[in-house]
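Welcome to this short briefing. Please take a look at the sequence and the model below, and then we can walk through a few of the features together.

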Amino acid sequence: MAMETAAIYCRLSQDDGSVGESGSIQTQKTLLTQYCKEHHIKIGDCYCDDGWSGKNFERPGFQAMIAQVRAGKIQCIVVKDLSRFGRDYLTVGNYISSVFPFLGVRFIAVNDGFDSIRPADIDSLETSFKALIYDLYSRDLSRKVRSAKRFRAQQGDFLSPFAPYGYVKDPADRSRLVIDPEAAETVRRIFRMTADGQRKEQLARQLNAEGVPTPMLYKRAAGCTRTKWNNLFDENFWTGGLIYGILRDERYVGRVVYGKHTRDRIGHAHVVRVDREDWIVVDDTHEGIVTQEEFDRAQAAIRALECGAVKNHRHPLQKKVRCATCGYAMSRVQGSAPYFVCRTSRMNSAY
């Protein structure tokens with residue numbers, strides 16, 4: 001028999017706080033590498049998903065590995081245990097009993113003593129029960145984590161991984177916010193100028209003309225480790241939507257707002273909106289950048305400007321049609337012959 005080319009796969013659901021790859025990922029690599037060496041299995045590559053739920057099979061490392069499997073470049077997959085491969089009972093079972101046998105791929109879960117080269121392992125009750133238990137454990141853990149987070153939010157703790165623009169996390173207590181003076185001044189200016197009647201597109205254009213760093217650029221310059229931002233390109237500028245998001249953020253008056261969105265499926269990134277009455281709102285949790293009066297004045301100005309605007313029904317392509325030049329979403333113009341137009345030039349003279 002020709003020597004199999006194996007892929008070792010490692011996964012951790014949440015970062016354990018270590019620098020770079022989590023310590024547990026490295027432990028898994030060491031264990032699996034040693035196992036392959038002892039059993040004379042040739043390792044082709046290692047695939048890792050650090051910080052991904054086992055309920056989500058759209059994990060980048062997992063998808064890259066499966067692509068190599070389908071291309072015939074991998075004949076064996078080695079994982080620490082079934083839970084590292086995934087925590088969805090039906091999906092895991094389908095891969096083990098149908099997909100991998102069809103593709104001629106051997107599957108090994110070291111700590112579970114599972115090896116698909118032994119046909120009895122595939123259909124054993126022990127394997128089925130383990131996969132089911134891992135699934136149920138994941139669901140139960142998710143419920144407990146959600147409950148714990150709601151409790152902390154009710155106590156006024158700030159739970160988001162990154163502080164909003166204008167704030168930084170308190171070094172002495174990461175669940176509290178303290179004001180970042182430089183960015184906070186820009187936030188105050190946005191509220192003040194909006195209350196004075198300036199439209200958000202005009203304000204964005206002025207900030208861009210003055211070269212004021214956007215929240216993304218400002219935080220990157222300050223050493224923020226966030227890698228995923230809601231824009232297509234590294235070149236970033238103020239937009240009306242960005243201004244609007246700041247103006248509507250109640251955290252700037254010193255309150256914590258939690259639970260505005262929730263994930264509709266455990267382990268998946270897709271979120272749905274939650275009715276306001278179900279939000280958790282706690283006042284006076286940190287120092288506000290603007291007063292409640294200043295916040296209310298800005299909201300009144302927004303409503304006044306929106307009064308005369310034509311209300312468009314949400315179109316299926318809204319936020320999906322993007323400009324080929326700047327990469328930002330285009331606006332749909334109503335009429336007898338509706339069309340999409342890029343409004344970037346209104347906010348940035350470079351376009």
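Which residue forms a salt bridge with Glu-185? The partner is Arg-188, and the closest N and O atoms are 3.6 Å apart. Please keep in mind that this is a predicted model.

**Helix H7 and what follows**

- Helix H7 covers residues 181–195, and its 15 residues reach 21 Å from the first C-alpha to the last, close to the 21 Å expected at 1.5 Å a residue.
- Glu-185 and Arg-188 are three residues apart in H7, so about one helical turn separates them.
- Glu-185 is partly exposed because its relative accessible area is 40%, and Arg-188 is likewise partly exposed at 28%.
- Buried residues of H7 include Ala-184 and Thr-186, as well as Val-187, Arg-189 and Ile-190.
- Just after H7, Gly-197 takes a positive phi of about 105°.

**Other salt bridges**

- Side chains of opposite charge can pair when their charged atoms come close.
- In this model the count comes to 19 salt bridges.
- One of them joins the side chains of Asp-196 and Arg-297, at 3.7 Å from N to O.
- This pair links distant parts of the chain, 101 residues apart: Asp-196 sits in the loop between H7 and helix H8 (200–209), while Arg-297 belongs to helix H11 (residues 292–307).
- Asp-196 counts as exposed because its relative accessibility is 58%, whereas Arg-297, at 44%, counts as partly exposed.
- Glu-126 forms a salt bridge with Lys-130, with 3.3 Å between the closest N and O atoms.
- Both Glu-126 and Lys-130 lie in helix H6, four residues apart, which is about one turn of the helix.
- With 52% relative accessibility, Glu-126 counts as exposed, while Lys-130 is partly exposed at 22%.
- A network of salt bridges links Arg-152, Asp-157, Asp-173 and Arg-176.

**The nonpolar surface patch**

- Tyr-89, Leu-90, Leu-125, Phe-129, Leu-132, Ile-133 and Leu-136 form a nonpolar patch on the surface, and together they have about 720 Å² of accessible area.
- Helix H4 (89–103) and helix H6 (125–154) are the elements that give two or more residues to the patch.
- H6 supplies the largest share, five residues.
- Leu-136 is found in helix H6, and it counts as partly exposed because its relative accessibility is 48%.

Key:
Residues are numbered from 1 along each chain as its sequence is written. This is a predicted model: local features need pLDDT of at least 70, side-chain atom pairs count only at pLDDT 80 or more; totals for chains, interfaces and linings use all residues. Side-chain values use heavy atoms; hydrogens and water are left out. Patches are made of residues with over 30% relative accessible area and no salt bridge: like charges are joined within 9 Å, nonpolar side chains (Val, Leu, Ile, Met, Phe, Trp, Tyr) within 5 Å. Accessible areas come from the Shrake-Rupley method with a 1.4 Å probe; for residues, only the protein chains shown count as cover. A salt bridge is a side-chain nitrogen of Lys or Arg within 4 Å of a carboxyl oxygen of Asp or Glu. Buried means under 20% relative accessible area, exposed over 50%, partly exposed in between (1.4 Å probe, protein chains only). The expected span of a helix is 1.5 Å times one less than its number of residues.
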